Amino acid sequence: METFCKSGTERAVAWEAAGLRWLAEAEQDGGARVARVLSASGSTLEIERIESAPASRRAAGDFGAALAVTHAAGASAFGTGPEGWSGAGLQGPAGNQLKLPLGSYENWGSMWADARLLPLVSRVAWGSAERKIFESLAERLRAGDFDGSYGAGSTPARVHGDLWSGNLLFSPAGAVLIDPAPYGGHPEDDLAALALFGAPYLKEIIAGYQQVKPLDSGWQERTELHQLHLLLLHAVLFGGGYVSETLAAAKRYV
C-alpha cells in the first residue's frame, strides 16, 4: 500500500487520526470509505495514499448513500467529538488552525449557535447592528426553530464537519473521505458543505443520500444556515468578501 505522510503539531495529528478512525467505524455497516490511518505519532500522521480517478455520477450516488449510513452511526451528544477525545478540536487549514469548541448540547440549534457560530462571530470586526443579527439568529437556533429531526431527545448525526469538495476524493474504487473535523451534528451540515464550493455531481450525491435517509422537508432553504460555520471560518481567516457573504446568509434566518 502506498502511503502519504503529513506533519503538524502533536495535537493536530492526534485530532485528525481520531476523526478518521471515528468516521471509519461506520464502514462495516456500509458507511462512507475513509482514508486508513496507518500511524499517528508525535508530529507525523501516516495514512494510505488515495489513487485519483475522475468523479462519476455512479460513484457520487454511491457515496451519498454511504454518507447517510455514516451519519446514522450517531454520536453521544450534539457537539461532542470522537469517543475518548478530550478538549477542543481543530478547524481550518494546516498551519492556520483555530480551536473547534466541543461539548454536549441538548439540540442541534444550541450547538450550532454556541459552539459553531458565536465563537467565530466574536473574532470578526462587526458593528453593533451586525452583531445583533447573529444574536437574534442564535436565539432562534437555541429555541430549536431549525432543528427538524435533530432536536432535543434525538440522536445526533456523526458528521465529517469539514466536507467541502477538497476533502472528498474520488478513487477507482469510489469516493474517500479525508481531513475531518467531526462532531455530533446535523446531516445538513455535511451536505451544505459539499454545496459551498461545488462538489462534483452534487445532485447525484443528494439523490443517493435520500434513497437511504430522506432529508427533512425544506432542507434546500436551510443550506446557507448550515454553511454559516464554514463561511464564518473563512471570514475570520481570510476576511474580504467572505465577511459580507456571511452576513447576507445570516440575515436570511432572522
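**Terms and their cut-offs**

Visitor: Why does Tyr201 count as partly exposed?

Guide: Tyr201 has a relative accessibility of 29%. Buried means under 20% relative accessible area and exposed means over 50%, with partly exposed in between (1.4 Å probe, protein chains only). The value for Tyr201 therefore falls in the partly exposed class. The model is predicted, so local features need pLDDT of at least 70 and side-chain atom pairs count only at pLDDT 80 or more, while totals for chains, interfaces and linings use all residues. Residues are numbered from 1 along each chain as its sequence is written, and side-chain values use heavy atoms, with hydrogens and water left out.

Visitor: Where is Tyr201 placed, and what is its phi?

Guide: Tyr201 belongs to the loop between α5 and α6 (202–212). Such helices (H or I, at least four residues) and strands (E, at least two) are DSSP runs, numbered from the N terminus. The phi of Tyr201 is near 55°, a positive value in a residue other than glycine. Most residues other than glycine have a negative phi.

Visitor: Which class of accessibility does Asp179 belong to?

Guide: With 24% relative accessibility, Asp179 counts as partly exposed. Asp179 is found in the loop between β8 (174–177) and β9 (183–185), and its phi is positive, about 50°, although it is not a glycine.

Visitor: What makes α7 roughly antiparallel to α8?

Guide: Helix α7 (residues 223–238) and helix α8 (residues 241–251) pack at about 155°, their axes 8 Å apart. An angle over 145 degrees counts as roughly antiparallel, one under 35 as roughly parallel, one from 65 to 115 as roughly perpendicular, and the rest as oblique. The angle makes α7 roughly antiparallel to α8. Axes here are lines fitted to C-alpha atoms, for helices over the stretch in contact, and angles run from 0 to 180 degrees between N-to-C directions.

Visitor: Which residues make the contact between α7 and α8?

Guide: Contact means heavy atoms within 4.5 Å. Those involved include Leu228, Leu231 and Phe238 of α7, together with Tyr242, Val243 and Ala249 of α8.

Visitor: What makes α5 and α7 roughly perpendicular?

Guide: The axes of helix α5 (residues 187–196) and α7 come within 8 Å and cross at roughly 75°. This angle is in the range of 65 to 115 degrees, and the two helices are therefore roughly perpendicular to each other. Among the residues in contact are Asp189 and Ala192 of α5, and His226 and Leu230 of α7.

Visitor: How do you know whether His226 is buried or exposed?

Guide: His226, in helix α7, has 2% relative accessibility and so counts as buried. Beyond its neighbours within four places in sequence, His226 is in contact with Trp108, Trp112, His186, Glu188, Asp189 and Ala192.

Visitor: What joins the side chains of His226 and Asp189?

Guide: A polar contact of 2.7 Å joins them. The term denotes a pair of N or O atoms within 3.5 Å; within protein, one must be able to donate a hydrogen and the other to accept it, and residues adjacent in sequence count only if both atoms are side-chain atoms.

Visitor: Why is Ser110 called buried?

Guide: Ser110 has a relative accessible area of 13%, which places it in the buried class. Ser110 lies in helix α3 (residues 108–121), and its side chain makes a polar contact of 2.5 Å with the side chain of Asn107. Not counting residues up to four places away in sequence, Ser110 touches Tyr105, Ala115, Leu141 and Arg142.
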